[in-house]
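Take a look at the model below.

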Amino acid sequence: MKPYLQYLVILLDDTSVAYCHADNPLTERRLMPIETLRKAIRFGMKQNLMIQYVYPDYDLPEEYNELIESIDHVKIGRDVRVYNGVPAAVAGKNVVLRLTTGEFIARQYDIAALLPQVERLNICLTDIAAFRDEQTEDYKKALGTIGKVVANLLTKQVSDTEHPLFEGAGGVGAGVSLNLLTDRLVLTEMHNCEAGIGNITVAPNGKFYLCPAFYYDERMGISNRMNHTTKDASRSVGDVDSGLNIPNRQLLQIDHAPLCRKCDAYHCHRCIWLNDRLTMDANTPSHQQCVLAHLERNASRELQQTLAAQGLHTGNEIPEIDYLDPFDVREE
Ligand code: SF4
């Protein structure tokens, strides 16, 4: 994890697609003024940031398209397709599925069937806060089902192409890439969301937020950590005119996260918005987030062992552990 900004997320409209854990509750169009977009791009250029535009579901005016194309970028909602639920087929090769845990479990075979259609599948659970320990076995089984399909696809691809299975840390499995299962195979250190550290979001109002979810909260009047609605719900951390201003930014860093810094669920999103909502501290994870990430970590270990039994080695051996929540084995 690099402790400096690398990405600028630009929400082009209030109705830009939700692509992560938080739903976008805003339903009325509010396009970012073109002058604000120009300033945001300039900020990104000065800071040498990779820009990620987040698109609404309508076509933008031509003057926006010209400005957008003036700098290297990724289009979320266009280049990266986002689906709520599990479609029968997907458009594009880089796909995000936003699912509840129940949908993930119920649609495990349909999800597995999508894998040959894409180069990258990111699954983002939208109800982590509501996850219950009683769902543990079902989630584990669903991961196992999909893991078997991943193993079969990888084995077939490697034997067909004679390509190496993985090309090292940060590399991608030979044509099958699923965040929940294959990322942990290649990671040797934390690679989390890094909102506020590795990336920052600018909203249509020209203000910076740690991530889109904090903007949504502000717009919905949710300001404090108990999700109470208050009159002053400001969650911004600067704006495109005065620059970025994140108070006590070090408190978002992993070296200030006592549980996460000792953890090896390296693929975990480590969502600071969920943390803030569920534990009242941006850098302290919830039980739900840790258990889900450890079930995925352990399923990655099983996948690794299945591949190794077929002579396909991923290099970075994932050790066996006997807990699902690092809080349970914390050092006092
Ligand atoms: S599993 Fe828990 S402790 Fe580990 S990185 Fe994720 S949030 Fe942090």
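Around the ligand stand Met-190, Leu-259, Cys-260, Cys-263, Ala-265, Cys-268, Arg-270, Pro-285, Cys-290, Ala-293, His-294 and Pro-326, each with a heavy atom within 4 Å of it. This is a predicted model, where local features need pLDDT of at least 70, side-chain atom pairs count only at pLDDT 80 or more, and totals for chains, interfaces and linings use all residues. Residues are numbered from 1 along each chain as its sequence is written, and side-chain values use heavy atoms, with hydrogens and water left out.

By class, this shell has 10 nonpolar, one polar and one charged residues. Here Ala, Val, Leu, Ile, Met, Phe, Trp, Tyr, Cys and Pro count as nonpolar, Asp, Glu, Lys and Arg as charged, and the others, Gly among them, as polar.

Now turn to the cores. In general, nonpolar side chains tend to be buried together in soluble globular proteins. A nonpolar core is a set of buried Ala, Val, Leu, Ile, Met, Phe, Trp, Tyr and Cys residues joined through side-chain atoms within 4.5 Å. Buried means under 20% relative accessible area, exposed over 50%, and partly exposed in between, with a 1.4 Å probe and protein chains only. The largest nonpolar core has 91 residues. Ile-10, Leu-37, Tyr-53, Phe-104 and Ile-123 have the most contacts inside it. Helix 5 (residues 136-161) gives the largest share, nine residues. Helices (H or I, at least four residues) and strands (E, at least two) are DSSP runs, numbered from the N terminus. Another core lies apart from the largest one. It has 10 residues, among them Cys-263, Ala-265, Cys-268 and Ala-293.

Helix 8 spans residues 272-279. Its buried residues are Ile-272, Trp-273, Leu-274, Asn-275 and Asp-276. They pack against helix 7 (212-219) and helix 9 (287-309). Just after helix 8, Met-280 takes a positive phi of about 65°.

Next, find Ile-34 in helix 1 (residues 34-46). Ile-34 is buried, at 19% relative accessible area. Ile-34 touches Glu-63, Tyr-64 and Leu-67, leaving aside residues up to four places away in sequence; contact means heavy atoms within 4.5 Å. Ile-34 and Glu-63 are 29 residues apart in sequence, yet 8.2 Å apart in space, C-alpha to C-alpha.

Two loops deserve a stop. Most residues other than glycine have a negative phi. Glu-194 is not a glycine, but its phi is positive, about 65°. Glu-194 lies in the loop between helix 6 (183-186) and strand 7 (199-202). Glu-194 is buried, with a relative accessible area of 12%. Asn-248 also has a positive phi, near 50°. Asn-248 sits in the loop between strand 10 (243-244) and helix 8. At 49% relative accessibility, Asn-248 is partly exposed.
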